[in-house]
Amino acid sequence: NRHHYNLLSDSSRGAGGNYTVSSAALNHTGVYVCRAEREKSVFKTQHSNTQLLWVTVSLIVSPSRTQHFTSVSLSLSCEDQSNSTGWRVRRYTDGGRLEDCSSLYRGSQTGSTCTISSTITSHTGVYWCESESGEKHHPVNITVHSGVILESPVHPVTEGDHLTLRCLYRHTTSPNLRADFYKDGSLIQNQTTEMSITTVSKSHEGFYYCKHPERGESPKSWISVR
């Protein structure tokens, strides 16, 4: 066989043909094969077909938006293809302080999920997933605001996709406000309950916010296009 494979140090013949990665990390990404050998012989089979294992992680935010009301529940979960619990959620505060989820007000970490049971404005910051070895992935800006908020996507939008932005206010019968929408400080759509971009292009990247004449304006959110 012209390919060279490294024997996994914790692989053994007594495993019944199974191998378990107990805490998947990005360095487990690679091409895997197996082969059998007789118990009392040096005879070994050929390598099996190759199997690509690709370990990725992403920060899943629920509700799925970058801006959130105060006094609501917020969940941030690090998810990869193996459902590993070897990840934790960490953040930088607006003041640049590094914090674990469990040190946040009303925050708790269970496995790879960070739950904030009641949000306050100081929960605003940059959140990301961090592996046991200190690798950082998927930073996300989270803003907590007591008034009007902009409903915008957490992760970058793909060119060609459809994008809808909404202006939300929880103290009304319908949370959707008829508002003005701005990009990089310029009015782009006025007095509408939602702003739609049918085909996203790189030119749509920028800072967005919405403004209601009586309820006020939302914080700004950066929308990235990939």
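User: Is the disulfide of Cys 78 and Cys 129 left-handed or right-handed?

Analyst: Bearing in mind that this is a predicted model, the torsion about the S-S bond of Cys 78 and Cys 129 comes out at about -105 degrees, so this disulfide is left-handed. The pair links distant parts of the chain, with Cys 78 in strand E5 and Cys 129 in strand E10, 51 residues apart. Their sulfur atoms are 2.2 Å apart, and both Cys 78 and Cys 129 are buried.

User: How many disulfides are there in the whole structure?

Analyst: A search of the whole structure finds 3 disulfides. Besides the bond between Cys 78 and Cys 129, there is one that joins Cys 101 to Cys 114, at an S to S distance of 2.0 Å, and one that joins Cys 167 to Cys 210, at 2.1 Å. If the bonded cysteines are numbered in sequence order, the pairing reads 1-4, 2-3, 5-6.

User: What does the pair Cys 101 and Cys 114 tie together?

Analyst: Cys 101 lies in the loop between E7 and E8, whereas Cys 114 lies in strand E9, so the bond ties together parts that are 13 residues apart in sequence. The torsion about the S-S bond of Cys 101 and Cys 114 is about 85 degrees, so that disulfide is right-handed.

User: Is Cys 101 buried or exposed? And what does Cys 101 touch?

Analyst: Cys 101 is buried because its relative accessible area is 2%, under the 20% cut-off. Leaving aside residues up to four places away in sequence, Cys 101 touches Val 89, Gly 107, Ser 108, Gln 109, Cys 114 and Thr 115.

User: Since E13 came up, which strands form the open sheet with the order E12-E13-E16, and which of them stand at the edges?

Analyst: The sheet has 3 strands, E12, E13 and E16 in that order, with antiparallel pairing. Strand E12 (149-151) and strand E16 (194-197) are at the edges, each with a single partner strand, so one side of each is left without a neighbour in the sheet. The twist averages 20 degrees from one strand to the next. E12 is joined to strand E13 (residues 163-168) by 3 bridges, and Glu 151 stands opposite Arg 166 in E13.

User: Changing topic, which residues of the largest nonpolar core touch the most other members?

Analyst: That core has 18 residues, and the ones touching the most other members are Leu 59, Val 61, Leu 76, Tyr 127 and Ile 142. Several strands supply at least two residues each, including strand E3 (57-62), strand E5 (74-80) and strand E10 (125-131). Apart from this core lies another, of 17 residues, among them Leu 150, Leu 165, Tyr 169 and Val 200.

User: What does Val 61 touch?

Analyst: Not counting residues up to four places away in sequence, Val 61 touches His 68, Leu 74, Ser 75, Leu 76, Val 140, Ile 142 and Val 154.

Definitions and conventions
Residues numbered from 1 in each chain as written. Predicted model: local features only at pLDDT ≥ 70, side-chain atom pairs only at ≥ 80, totals over all residues. Heavy atoms only, no water. Pairing = 2+ DSSP bridges. Helix = DSSP H or I, 4+ residues; strand = E, 2+ residues; numbered from the N terminus. Axes fitted to C-alpha atoms, helices over the stretch in contact; angles between N-to-C directions. Core = buried A, V, L, I, M, F, W, Y, C linked by side-chain atoms within 4.5 Å. Buried < 20%, exposed > 50% of the residue type's maximum accessible area, 1.4 Å probe, protein only. Contact = heavy atoms within 4.5 Å. Disulfide = S-S within 2.5 Å.
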